[in-house]
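Good morning, and thank you for coming.

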Amino acid sequence: MSDKKNIFEKIAEGQIWKSIFRGGGAPKTRRQRMMVVLNSVFLHLHPVRLPKHAVKLKFTWCMGGLSFFIFLILTISGILLMFYYRPTIEYAYTDIMDLTEQVPFGIMREIHRWGAHAMVIAVWLHMFRVFMTGSYKPPREFNWSVGVILLVLTLLLSFTGYLLPWDQLAIWAIAVGSNMAGATPFLGAEGPGSSLLAIGDINFITKASDARFGLIGGRFLGEATLLRFYVLHCIGLPFIIMIFMAVHFWRIRKDGGISTPV
Amino acid sequence: MDAFKSLVNYISNPTILFTAVLVGFPFVFPPTNWFYKVHKKLGIHKLWTKKGLIIMVAITIAFFIFGLGDDNFKKIVLKPDNVPISGLIILLIFFTWLSLSQAYKNDKLIDEGKPVDEHYEAPNDKVLVWPDLVYVELISLILFSAFMLIWSIGLPAPLEEPANPSESPNPAKAPWYFLGLQEMLVYFDPWYAGVVLPTFIIIGLMAIPYIDTDPNGSGYYSYKNRMLSLSIYLFGWLVLWNVLIVIGTFLRGPNWGFFGPFEYWDSHRLEALTNVNLSELFYIKWLNMGLPSNILVREAPGLLIMFLTFAVTPPLLAKTALKSFYERLGSTRYTIFVVLMIFGALLPVKMYLRWFFNLKYIISMPEFFFNF
């Protein structure tokens with residue numbers, strides 16, 4: 001056996017590589033392979049070892065991991081779209097039009113839109129799998145509830161993004177959705193009980209102060225609605241969902257990793 | 001061909017489609033031992049074999065291919081935002097099959113006294129995350145990314161006319177994942193279908209682990225030992241959520257009228273609006289008198305029915321049919337469970353009241369925007 005090392009081995013044992021990847025070198029022994037996971041900020045989302053059914057696709061469907069991966073795709077493609085999109089009635093539609101017509105082979109908007117649909121489906125199927133394997137049972141009850149919140153946030157993210165192209169499809173879908181808010185019990189101007197929140201003749205819940213008004217930022221869908229949904233879609237909801245995702249992932253580990261038969 | 005199309009149009013009417021699903025459901029996903037026995041006797045469990053999967057997927061795909069030859073069908077199914085739902089239908093069939101085929105296999109192993117498929121002996125049966133899990137993840141990511149690229153190149157994202165608040169499309173539809181709720185708007189007012197019902201769905205989902213406290217059946221697929229909870233969940237998820245989404249997306253046309261999959265969306269078709277409230281049925285039709293002017297007297301029949309449903313039914317069931325439930329769950333869990341179940345059951349009940357009696361509202365107090 002010659003002592004000559006190829007270029008990759010040299011790099012892997014050099015100072016730079018070793019300083020970035022603690023330990024360095026290709027993990028060959030069992031100990032090294034365990035250290036790879038322990039030494040990486042990203043990989044240590046995982047435990048070091050797993051029961052063998054946890055790596056089988058027929059058991060996990062990979063839907064939880066895929067939901068997170070799609071979230072990352074959506075974040076990246078969303079940031080790129082934000083460079084070109086201005087959330088005003090004057091520009092929103094034409095900016096989207098430009099993305100479609102002026103960019104050769106431009107598919108960033110397609111990736112973002114179909115990714116959003118795919119994420120909704122992936123989250124649903126993840127929930128389906130978790131139910132079918134009984135993985136919501138103790139000690140994972142709370143993490144199931146966190147998962148339900150993540151599901152709702154996923155739908156809200158998709159819903160707020162639906163308005164942004166500012167075309168007929170967008171505003172009428174949001175009109176159907178936001179009209180519901182006007183019927184909220186007590187807090188919507190057309191909701192049951194809203195007339196009870198009054199002192200004498202003064203109604204507190206009117207079309208200019210109810211839940212719908214708060215959601216769309218006005219009596220009608222317009223400039224304020226677009227800005228509001230844009231901010232919620234790009235900053236507000238991603239901020240909240242990331243907090244819940246952190247809790248969700250952390251609790252998976254703390255509750256004993258992937259569920260196993262007792 | 002045309003005879004087949006009109007047959008499909010006819011049976012996909014919610015009245016027939018939903019009834020068929022409702023009647024067939026407990027035999028396909030049995031909730032109790034009795035249904036389970038019939039389910040086995042009729043051989044329905046063979047759906048969860050490889051042959052069953054091939055037949056189910058083949059029929060679905062054949063139907064879509066056949067349908068695409070029809071202009072009306074093509075127009076709706078190939079709408080860009082509707083494409084994911086066709087995908088969802090296939091995915092639902094596949095994943096329902098995938099989970100139940102493993103569940104039935106494990107049921108058999110449990111019957112034979114053997115350990116389930118997912119059983120492992122710690123620590124010998126453990127595998128390392130690097131490389132055993134990491135490479136599965138990597139391959140999934142690459143395959144999914146390739147799939148996303150092909151999908152995105154092949155199907156342009158929809159962009160319609162610029163927004164025009166003064167010109168509403170007919171029908172105006174919410175995003176597809178909310179169409180089950182929009183379908184409920186036919187039977188309930190917005191305050192219920194759009195606000196209270198979704199809240200109940202969220203609360204109900206979050207309550208599942210606190211109501212189903214049986215610790216058995218965690219971490220592996222199984223059916224027989226968790227029959228009832230699986231059957232209830234699958235009914236909510238497959239029927240009340242996904243079937244209604246499919247109806248709302250593919251079968252609801254102008255004025256939210258019902259149209260078969262091969263029917264032309266005629267926006268000038270008139271729907272007879274002959275719906276009546278329970279108070280009108282009670283006082284005018286049955287008692288032959290005018291409506292009382294006092295709201296509470298006028299709505300007394302509806303209020304009485306609601307009182308019986310929510311205040312009398314749960315304790316009555318606790319003493320009779322659900323006695324063992326009540327003893328196992330305790331009064332708080334039992335009450336929450338039964339009330340949530342009643343709210344769930346009210347959806348199909350209201351649908352049938354509408355179809356058979358043209359009933360609009362059980363309680364109608366437009367004075368307070370309170371109609372139910």
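At what angle do helix α8 and helix α9 of chain A pack? Please bear in mind throughout that this is a predicted model. Helix α8, residues 141-163 of chain A, packs against helix α9, residues 168-181 of chain A, at about 135°, and the two axes lie 7 Å apart. An angle over 145 degrees would count as roughly antiparallel, and 65 to 115 as roughly perpendicular; α8(A) is therefore oblique to α9(A).

Which residues make this contact? From α8(A) come A:Phe159, A:Tyr162 and A:Leu163. From α9(A) come A:Ala170, A:Ile171, A:Ala173, A:Ile174 and A:Gly177. Sorted by class, the residues of this contact are seven nonpolar and one polar, with no charged residue.

Let us now turn to the two chains together. In chain A, 86 residues are in contact with 71 residues of chain B. By class, the side of chain A that touches chain B has 53 nonpolar, 21 polar and twelve charged residues.

β1(A) is joined by three bridges to strand β1 of chain B, residues 126-128, and the two strands run antiparallel. Within this pairing, A:Arg49 has B:Leu128 of β1(B) as its bridge partner.

Thank you for your attention.

Definitions and conventions. Residues are numbered from 1 along each chain as its sequence is written. Chains are lettered from A and ligands numbered from 1 in the order in which they are written. This is a predicted model: local features need pLDDT of at least 70, side-chain atom pairs count only at pLDDT 80 or more; totals for chains, interfaces and linings use all residues. Axes are lines fitted to C-alpha atoms, for helices over the stretch in contact, and angles run from 0 to 180 degrees between N-to-C directions. Helices (H or I, at least four residues) and strands (E, at least two) are DSSP runs, numbered from the N terminus. Angles under 35 degrees count as roughly parallel, over 145 as roughly antiparallel, 65 to 115 as roughly perpendicular and the rest as oblique. Two residues are in contact if their C-beta atoms, placed from the backbone, lie within 7 Å. Ala, Val, Leu, Ile, Met, Phe, Trp, Tyr, Cys and Pro count as nonpolar, Asp, Glu, Lys and Arg as charged, and the others, Gly among them, as polar. Two strands pair if DSSP finds at least two bridges between them.
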